[in-house]
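Reader: Could you walk me through this model, starting with how the strands are put together?

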Amino acid sequence: MNSGLMVSVLVGGLGIGGAVGYMAGAATRNKAATSSASSSGAASDTAWFSYDGQTYDTASLPTGVQTSLYQVELEGYNQKQAQLREFVVRLALAKEQNKFSSVDKLPPLEELLPTSPATDEEAKAFFEANKDRVPPGTTFEQLSGRIKEVLANEKRVKSFNEKFEKLQADGKFKMLAKEPVPPIVDIPVANFPSRGAASATHTLVEISDYLCPHCQQMAPQVKQLADKFAGKLKVVQINFALRPTQLSGTMVEGGFCAEKQGVEAFWKFHESAFSKLWGTFADNYDVAKVKPVAEAAGINVKDWETCMASNEPKEWMQKTREMVNNLGVTGTPTFYLNNKRINLHSPEEFNKLIEGAVAGS
């Protein structure tokens with residue numbers, strides 16, 4: 001069960017109308033977004049402002065600023081897509097159901113796309129599957145109404161998505177709005193551990209935190225791709241602590257000290273660190289909590305502990321944070337393919353993107 005649905009139960013509902021368009025179009029949005037990541041074209045060289053007689057265009061701005069502008073443009077593009085998706089589905093359904101009179105008088109989505117309410121059995125099953133995500137002492141009766149509302153909206157999202165995808169498959173709909181192109185960045189990949197042929201034609205960079213659940217979810221996909229395309233794809237790992245003074249930082253320092261024993265030792269630690277969530281972002285800095293990760297990796301723990309007791313891993317982590325911050329990265333996981341940022345999406349879509357790029361070469 002999607003853990004995001006439980007978040008909706010606890011903090012707010014999944015909306016309808018434009019919100020349905022936004023959520024239901026996530027896969028389509030990601031497909032469109034990833035197309036620019038595999039494109040060879042440069043980011044739009046827009047002139048943004050002039051200062052003291054000098055004009056500043058995209059290329060003259062720092063990478064972090066370029067990335068921030070791109071993210072703002074991308075979010076606006078995604079929101080526009082959501083509104084257009086919702087409109088075209090309402091338009092299509094209204095015509096199919098003989099409820100069309102004019103484009104400014106379309107029936108609401110709830111009327112055109114009815115869905116059956118969630119049953120008690122479905123709500124109870126959802127609650128049981130998500131017991132570990134609700135506050136202690138919370139009962140099914142307390143959340144029953146919200147769960148049913150969220151599940152009903154999820155059904156509507158599914159129906160919406162199916163309808164929208166059919167419109168695309170039938171050739172009746174084509175998005176003409178142009179997506180912003182991500183800026184090209186310069187990442188010093190030689191400074192970080194990698195796997196795959198040095199002569200690979202494609203380079204995939206992952207920036208991640210070992211305590212990030214989504215990073216853990218993506219880890220098997222990245223390894224699978226690295227193994228499958230070892231001769232054509234080089235995978236570079238950049239460990240970025242979102243909470244450097246807490247356990248998050250300890251885990252990243254642990255990866256650095258593992259690499260001191262060789263690249264193979266690093267990848268063993270890396271896979272051990274992502275084998276499960278060893279803690280949370282709220283946990284304090286604690287080498288003892290990370291030691292089992294090193295032990296499970298089978299590396300020399302004594303040498304690892306000596307490294308962890310030095311200042312070297314902290315200095316390295318700070319330099320890495322400065323580099324990542326300068327790229328404009330604010331969250332994990334963040335991926336770059338051939339120096340262009342990939343908008344995060346499902347593991348399935350991620351696989352298709354990378355496989356498509358490698359096959360295209």
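Author: Two strands are said to pair if DSSP finds at least two bridges between them, and the strands themselves (E, at least two residues) and helices (H or I, at least four) are DSSP runs numbered from the N terminus. This is a predicted model, in which local features need pLDDT of at least 70 and side-chain atom pairs count only at pLDDT 80 or more, while totals for chains, interfaces and linings use all residues. Residues are numbered from 1 along each chain as its sequence is written, and side-chain values use heavy atoms, with hydrogens and water left out.

Reader: Why is β5 described as largely enclosed?

Author: Because 7 of the 7 residues of β5, residues 233-239, are buried, the strand is largely enclosed by the rest of the structure. Buried means under 20% relative accessible area, with exposed being over 50% and partly exposed in between, using a 1.4 Å probe and protein chains only. L233, V235, Q237 and N239 point one way from the strand, K234, V236 and I238 point the other way, and all are buried.

Reader: Changing topic, where is H270, and which residues does it touch?

Author: H270 lies in helix α10, residues 263-273. Leaving aside residues up to four places away in sequence, H270 touches R195, Y210, Q237 and N239, where contact means heavy atoms within 4.5 Å. H270 has 5% relative accessibility, so it counts as buried.

Reader: How many disulfides does the structure hold, and which cysteines form a disulfide?

Author: The structure holds 1 disulfide, a term for a pair of cysteine sulfur atoms within 2.5 Å. The pair is C257 and C307, with sulfur atoms 2.1 Å apart. It links distant parts of the chain, as C257 sits in helix α9 (residues 247-259) and C307 in helix α12 (residues 301-308), 50 residues apart. The link is left-handed, with -75 degrees about the S-S bond.

Reader: Are those two cysteines buried or exposed?

Author: C257 is buried, at a relative accessible area of 1%, and C307 also counts as buried, at 10%.

Reader: What about T332, where is it and what does it touch?

Author: T332 is placed in the loop between α13 (312-326) and β6 (334-337). Again leaving aside residues up to four places away in sequence, T332 touches I207, S208, D209, C212, C215, F240 and L242.

Reader: Last one: where does α7 bend?

Author: Helix α7 bends by about 30 degrees at R146, the bend being the angle between axes fitted to the seven residues ending there and the seven starting there.
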